[in-house]
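Subject: Structure handover

Hello,

Here is the structure we talked about. My notes on it follow below.

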Amino acid sequence: MTLLDTLNRPLRDLRISVTDRCNFRCVYCMPKEVFGPDYQFLARDRVLTFEEIARLARIFAGLGVRKIRLTGGEPLVRKDLPTLIAMLSQIPDLDLTMTTNGALLSKFAEHLKATGLKRVTVSLDSLDDKIFKAMNDADFPVKKILEGMDAAKSAGLEPIKVNMVVKRGLNEQSILPMARFFRGKGYILRFIEYMDVGRSNGWRMDDVVPAKEIVGIVNAEMPLEPASPNYRGEVAERWRYKDGSGEIGVIASVTQPFCSGCNRARLSAEGKLYTCLFAIKGHDLRELLRGGATDEDIAQKIESVWGKRADRYSDIRSQNTLPLPKVEMSHIGG
Ligand code: SAM
Ligand code: SF4
Ligand code: SF4
């Protein structure tokens, strides 16, 4: 089954945010000034249950989704997450993966693998404790994340990707140390351009370090050559070390947008379907789930939303799109 949107893009990839909560306060995602002690997170009864998530996942798979990524907020702060993994891993022909900040990975890696998770992506913005702590704003040390990655590797949750958001003036000096550290170890380091997601991170174009510049910095010390995409719609541009010691990726959502191949939908923790990371409005699927709709009713709703989809925010990003009331990244997941 292939659903196509108005720009002929198939629905293949679903990102499910299992919680809007997080144990970090990354300055580019959940700044403390906005997500402080008084911030109202979703009440428990508004968050989809595991049964509801699994039901939707099956319906999406029936509509052509081949990959599901669990995200958040921080997925591992959701209680009993391996129980959800066990339910999702029953869906045939599905690539099941997760993006995590890694803080709780040492504790959960074995259990996640045993219940059917295939791979993980771990976010890490620097190997320097001072810089990393300034970015996660939760006083969390680098060592714990590296321990989490080791645990994921030992458990076989591979290949492990490492996401590093690069923000000008904050962690550019960490680009080379990160590349040196992960090279030759089987990890795929991906540099992500700082994006204008949500409304709370105070994004400015000047804070973006363009992917070209990042590749230039790495290439000057460790020569790179371009590698072709693994599949249609891959967001990271791949670069291989010329000496065969591995690869890196750059996600250039700001300077080289990739909307034309975008096959991703997002499901928020409260069951809203979003067809773009920069969406303003979601489509309520929880209402249908809890209102007695059949699987066919829900599938029809998804088909109708995807059929009307025309999103291409990154292609048309400008000063005019900045003030739009976009949903927060911690709400719909990265
Ligand atoms: N908490 C998990 C984590 O940090 O990996 C999963 C959710 S997080 C929203 C998903 C990814 O989005 C992370 O790799 C994070 O670094 C990235 N991200 C968050 N805010 C971003 C921004 N403003 N620009 C670029 N990437 C961002
Ligand atoms: Fe939490 Fe991930 Fe956002 Fe950082 S990027 S605040 S770890 S959700
Ligand atoms: Fe997809 Fe929206 Fe990102 Fe474009 S801006 S690649 S449509 S999520």
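A residue is near a molecule or strand if one of its heavy atoms lies within 4 Å of it. By that rule, ligand 2 is surrounded by Cys22, Phe24, Cys26, Tyr28, Cys29, Met30, Gly73 and Asn101. This shell has 6 nonpolar residues, 2 polar and no charged (Ala, Val, Leu, Ile, Met, Phe, Trp, Tyr, Cys and Pro count as nonpolar, Asp, Glu, Lys and Arg as charged, the others, Gly among them, as polar).

The model is predicted: local features need pLDDT of at least 70 and side-chain atom pairs pLDDT 80 or more, while totals for chains, interfaces and linings use all residues. Residues are numbered from 1 along each chain as its sequence is written, chains are lettered from A and ligands numbered from 1 in the order written, and side-chain values use heavy atoms, without hydrogens and water.

Next, the helices and strands, which are DSSP runs numbered from the N terminus (helices H or I, at least four residues; strands E, at least two). The axes of α3 (residues 105-115) and α5 (residues 142-155) come within 8 Å and cross at roughly 15 degrees; axes are lines fitted to C-alpha atoms, for helices over the stretch in contact, and angles run from 0 to 180 degrees between N-to-C directions. That makes α3 roughly parallel to α5 (angles under 35 degrees count as such). The residues of this contact (heavy atoms within 4.5 Å) divide into 6 nonpolar, 2 polar and 4 charged.

Finally, 12 strands form an open sheet with mixed pairing (strands pair if DSSP finds at least two bridges between them). β7 (224-226) and β12 (283-284) stand at the edges, each with a single partner strand, so one side of each has no neighbour in the sheet.

Regards

Technical notes: Angles under 35 degrees count as roughly parallel, over 145 as roughly antiparallel, 65 to 115 as roughly perpendicular and the rest as oblique.
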